[in-house]
Amino acid sequence: MFRNQYDTDVTTWSPAGRLFQVEYAMEAVKQGSAAIGLRSKTHVVLACVNKANSELSSHQKKIFKVDNHIGVAIAGLTADGRVLSRYMRSECINYNYTYESPLPIGRLVVQLADKAQVCTQRSWKRPYGVGLLVAGLDESGAHLYYNCPSGNYFEYQAFAIGSRSQAAKTYLERRFDNFMGSSREDLIKDALIATRESLQGEKLRSSVCTIAVVGVGEPFHILDQETVQQLIDTFEIVKEEEPPAEEAQPASEQDAPTDQTSGADQGAAAGDQGGSPMEI
Amino acid sequence: MDGVAESQRTLYPYVTGSSVVAIKYKDGILMAADMGGSYGSTLRYKSVERIKPVGKHSLLGASGEISDFQEILRYLDELILYDNMWDDGNSLGPKEVHNYLTRVMYNRRNKFNPLWNALVLGGVKNGQKYLGMVNMIGINFEDNHVATGLGNHLARPILRDEWHENLTFEEGVKLLEKCMRVLLYRDRSAVNKIQISKITDEGVTVFPPFSLKTYWEFSAFKNPTVGAEGSW
């Protein structure tokens, strides 16, 4: 994207019919760390890559519980994400107060999209710089939506946003046909594998990712670190039953099949074997 | 104290409907009310429909001020309209409508400008039956059988004894008729023109009005004051 004379205000169209500020906002989403979502008929799983800036700091919260039946994972400007999560929580709780019933996720995402659209049509505002993967339930079952800064929203079977999300998307594209009928456990496993794809070489450990689940009869909750690590260990022992991937990265994971806690870390976060002090 | 100017607050009702009685039965909800609108002690209007369908899943019956009932119907009309405009496969069920009404009624009560009604909200959604009541001070609850006004005192004892799960439609109607008959004998603001409505998963049916057979040859009715010392 180049600097040009039509990109100063969000309210200025380019001759080609584009709003550059909105597109730049979508770039901000691509710079954030990856967030992944997938759903079956009855469950939705959200996963995200959570890397702390340094060993000394905690990592950013990227998954928020909005209500018992809705949760959201964000990528991009986390501050914007936090504000929008607060809005979503507020809407859910107000609806529940008036109707004693959970707000259908389909309606929440429309309200969220309309809120984002406002920022694309006011000269004194800027678009929200965050993409949201909204997971939740309504009358017709489990749903996964993606809300963009442009004010658009789409429903997905599975999706990934943020940096290096293409690797995850490629994996999901191969497997999504089965997701509708997947069990909860298989769905979580697929989410973890997709997260690993986004890590591109780095070892998948529970200290770098966060997983959350919501389903029919199961309120939205974030899985705790031990559970996640156990899940990772379970399927890593089985190793990849998937065919050799197009990306080069899985080969490096093959190096140490038996020792989970080996020092074979490829990634940048070297040295935190047992999880740094300020994890969840 | 003043949500509205003194001259605009509801102080007392003018045209009122009497009791509404409703029960859950096998397939849904049955609701009965007479078609009278009293102007004080005059039984002035004799074709007032006091039970109306709301959306796809609910029935609303009202006693109390008829004009406030009409106002409530307008609120609900707008509510259902906006619900339909989402066009997304989700719809407000009877539980949601009941809670919405509770909020409205309680809110008005807090502003000292009540909607002078006792409402019965019944419906079925996805096989789940719901029957609730809310009145002008915001008291609300749900139960297997509800009634408003004098119905609480005359009809509910009968229902407590004779209601059971999975009444058939015929049994339900007979039970309601029994209740309405007692109300007709004993409630001075009842008129003998009853309307019964039912709601099931398939939809709403409002039956044409009918009259109850009454028997006035009871010896106690013929000589009501026999044994009452000092009466005439």
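1. Strand β8 of chain A, residues 158-161, is covered on both faces. Ala158(A) and Ala160(A) are buried on one side, and Phe159(A) and Ile161(A) are buried on the other. This is a predicted model, and the remarks below should be read with that in mind.

2. Strand β8(A) pairs with strand β1 of chain A (residues 35-39) through 4 bridges, in the antiparallel sense. Within this pairing, Ala160(A) in β8(A) is the bridge partner of Ile36(A). Ala160(A) is also one of the buried residues of the strand.

3. The sheet to which these strands belong is open and has 5 strands, in the order β8-β1-β2-β9-β10 of chain A, with antiparallel pairing. Its edge strands are β8 and β10 (218-222) of chain A, each of which pairs on one side only. On average, neighbouring strands of this sheet are turned by 10 degrees against each other, direction ignored. Helix α4 of chain A, residues 165-175, packs on the sheet and touches β1 and β8 of chain A. The direction of α4(A) makes about 170 degrees with that of β8(A).

4. At the β10 end of the order, strand β9 of chain A (residues 209-215) is joined to β10(A) by 3 bridges, and the two run antiparallel. Ala212(A) has Ile222(A), in β10(A), as its bridge partner.

5. A further open sheet in chain A also has 5 strands, ordered β3-β4-β5-β6-β7, and its pairing is antiparallel. Strands β3 (63-67) and β7 (153-155) of chain A are at the edges with a single partner strand each, so one side of each has no neighbour in the sheet. From one strand to the next, the twist averages 25 degrees. Two helices are in contact with this sheet. Helix α2 of chain A (residues 78-99) packs on it, touching β3, β4 (70-76) and β5 of chain A, and its direction makes about 15 degrees with that of β3(A). Helix α3 of chain A (residues 105-118) lies across β3, β4, β5, β6 and β7 of chain A and runs at about 160 degrees to β5(A).

6. Inside this sheet, strands β5 (residues 130-138) and β6 (residues 141-147) of chain A run antiparallel and are joined by 7 bridges. Leu133(A) stands opposite Tyr146(A), which lies in β6(A).

7. For chain A as a whole, there are 7 helices and 10 strands. Of its 280 residues, 52% are buried. Among contacts between residues at least 6 apart in sequence, 64% join residues at least 24 apart.

8. The whole structure contains 4 cavities of 30 Å³ or more. The second largest cavity has a volume of about 60 Å³. Its lining includes Leu84(A), Leu112(A), Tyr128(A), Val130(A), Asn147(A) and Pro149(A). By class, the lining has 8 nonpolar, 1 polar and 1 charged residues. Both α3 and β5 of chain A supply at least two residues of this lining, and α3(A) gives the most, with 3 residues.

9. The largest pocket holds about 550 Å³ of space. It is lined by 24 residues, of which Ser101(A), Pro102(A), Glu139(A), Glu96(B) and Lys125(B) are the closest to its centre. The elements that each supply at least two lining residues are β5 of chain A, together with α2 (94-110) and β9 (128-135) of chain B. The lining divides into 8 nonpolar, 7 polar and 9 charged residues.

10. In chain B, Gln195(B) lies in strand β12, residues 194-200. Gln195(B) has a relative accessible area of 6% and is therefore buried. Beyond neighbours within four places in sequence, its contacts include Met31(B), Met35(B), Glu49(B), Ile51(B), Val206(B) and Phe207(B).

11. Pro53(B), found in strand β6 of chain B (residues 51-54), has 44% relative accessibility and so counts as partly exposed. Not counting residues up to four places away in sequence, Pro53(B) touches Ser58(B), Leu59(B) and Val204(B). The C-alpha atoms of Pro53(B) and Thr214(B) are separated by 29 Å, the two residues being 161 residues apart along the chain.

Conventions. Residues are numbered from 1 along each chain as its sequence is written. Chains are lettered from A and ligands numbered from 1 in the order in which they are written. This is a predicted model: local features need pLDDT of at least 70, side-chain atom pairs count only at pLDDT 80 or more; totals for chains, interfaces and linings use all residues. Side-chain values use heavy atoms; hydrogens and water are left out. Two strands pair if DSSP finds at least two bridges between them. Axes are lines fitted to C-alpha atoms, for helices over the stretch in contact, and angles run from 0 to 180 degrees between N-to-C directions. Contact means heavy atoms within 4.5 Å. Buried means under 20% relative accessible area, exposed over 50%, partly exposed in between (1.4 Å probe, protein chains only). On a 1 Å grid over the protein atoms alone, a cavity is a set of points where a 1.4 Å probe fits but cannot get out, and a pocket is an open set with protein on both sides within 12 Å along at least five of seven lines; lining residues have an atom within 4 Å of a point. Grid points are joined across faces, edges and corners, and a volume is the space filled by probe spheres set on the points. Ala, Val, Leu, Ile, Met, Phe, Trp, Tyr, Cys and Pro count as nonpolar, Asp, Glu, Lys and Arg as charged, and the others, Gly among them, as polar.
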